[in-house]
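Let's walk through this structure together, pocket by pocket. Keep the 3D view open as you read.

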Amino acid sequence: RPRVLSGMQPSGNSLHLGNYLGALVNWVKTQHDYQTLFFIPDMHAITVAQDPAQLRERTRKTAAQYIAGGIDVDKSILFVQSHVPEHAQLAWVLNCITGFGEASRMTQFKDKSAKGGAEAASVGLFTYPVLMAADILLYRPQGVPVGDDQRQHVELARDLAKRFNHRFGETFTVPEAFIQKEGARIYDLQNPTAKMSKSASGPNGLINLMDDPKVTAKRIKSAVTDADTVIAHDRENKPGVTNLLEILSTLTEKPIQSLVADYEGKMYGHLKADVSEAVVARIEPIRSRTLELLDDPGELDRLLAQGAAKARGIAAETLADVYAKVGFLPPM
Ligand code: TYM
């Protein structure tokens, strides 16, 4: 069966609606047709400072949210990145075939380092996309289901796969980004021209899977719209309303145009009430299931250990192939 792989950083207290609609929903769907691997990139999380105890807790919590959101541990290999040392090992080899200029062009690094100043940014943050390429290429997947903001990183993984294959012989599958049309980019509720983001959005701009439903409803009701009153899909002139329509369309699987027709003559308040209802109905069961799973951390850790063992089976094979191809002397 063809394979897919993806991951989400355990860097916040909760996944947000962008993570859910842009990625997790699509991951769940791929479980029917692919061999699926989903992991928690804790090594990516430490590219910016993390509190150790908090990171441990968030790693478990992220795993619990994957499961609560529909990842089936009998179908998918679920694991933590740092449990599979081959990720770091392959990343080193890939670092050595990545151009400095090539890495410098990654826009996420530019955005993130611009905030704290280049001096504050770590080398880990700089080389982060190379580690991500290693995450992907180790498992030779055909597809990487992600939101639109990860497109450039998957593109780098493709370039590195081709370069390695060309230099050392056929080794890696050249993966494709699987980006859904709907939900690929969910915007900040208060600043609807910026993407919803754990690190950049203020609390009122975010919808977290783990928030109290009342908080979620309130945030949607106070989402920024515009001075006009017409419910129309117009990214340029009506970004706030457009974001709400897209969220609703993704959740209800109703085409935007039919939603726009439904709301003709209605007010923003109607749309917000419906979005709020649809969002809460979808995320509330995920939140309560996550909390249940977190009641038994031992069981979660056991599932993650099982996943890591399966993942290593695949990763070790690829790494051995890579090490042999680049000319490392095999240990006796
Ligand atoms: P991360 O943790 O920032 O985001 C996880 C997933 O959520 C998607 N996403 C969004 N989709 C729609 N609208 C938004 N506002 C939004 N915000 C986030 C992201 O596109 C992503 O799919 N570098 C990755 C993690 C990673 C990874 C990998 C992914 C590490 N190694 C290997 C795939 C394969 C990241 O930071 O995603």
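Helices (H or I, at least four residues) and strands (E, at least two) are taken here as DSSP runs, numbered from the N terminus. This is a predicted model, in which local features need pLDDT of at least 70 and side-chain atom pairs count only at pLDDT 80 or more, while totals for chains, interfaces and linings use all residues. Residues are numbered from 1 along each chain as its sequence is written, and side-chain values use heavy atoms, with hydrogens and water left out.

Let's begin with the second largest pocket. On a 1 Å grid over the protein atoms alone, where a 1.4 Å probe fits, a pocket is an open set of points with protein on both sides within 12 Å along at least five of seven lines, and its lining residues have an atom within 4 Å of a point. The second largest pocket holds about 240 Å³ of space. Both α3 (52-68) and α13 (297-326) supply at least two residues of its lining, and α3 gives the most, with 5 residues. Among the lining residues are D42, R56, H83 and D301.

Now turn to the largest pocket, with about 1100 Å³ of space. (Each volume is the space filled by probe spheres set on the grid points, which are joined across faces, edges and corners.) Its lining counts 46 residues, and Q9, Q108, D149, Q150 and K195 lie nearest the centre. Elements that each supply at least two lining residues include β1 (3-7), α1 (17-30), α7 (123-137) and α8 (151-168).

What takes up the space of the largest pocket? The ligand does; a molecule sits in a pocket if more than half of its atoms lie within 2 Å of the pocket's grid points. Around the ligand are 28 residues, of which Y128, D135, G147, D149 and I186 come nearest; a residue counts as near if one of its heavy atoms lies within 4 Å of the molecule. β1, α1 and α7 each supply at least two residues of this shell.

For D135, a side-chain N or O atom is 2.6 Å from a ligand nitrogen. For Q150, a side-chain N or O atom is 3.2 Å from a nitrogen atom of the ligand. N19 has a polar side-chain atom 3.1 Å from a ligand oxygen.

Note on methods
Polar contact = N/O pair within 3.5 Å; in protein donor to acceptor, adjacent residues only side chain to side chain.
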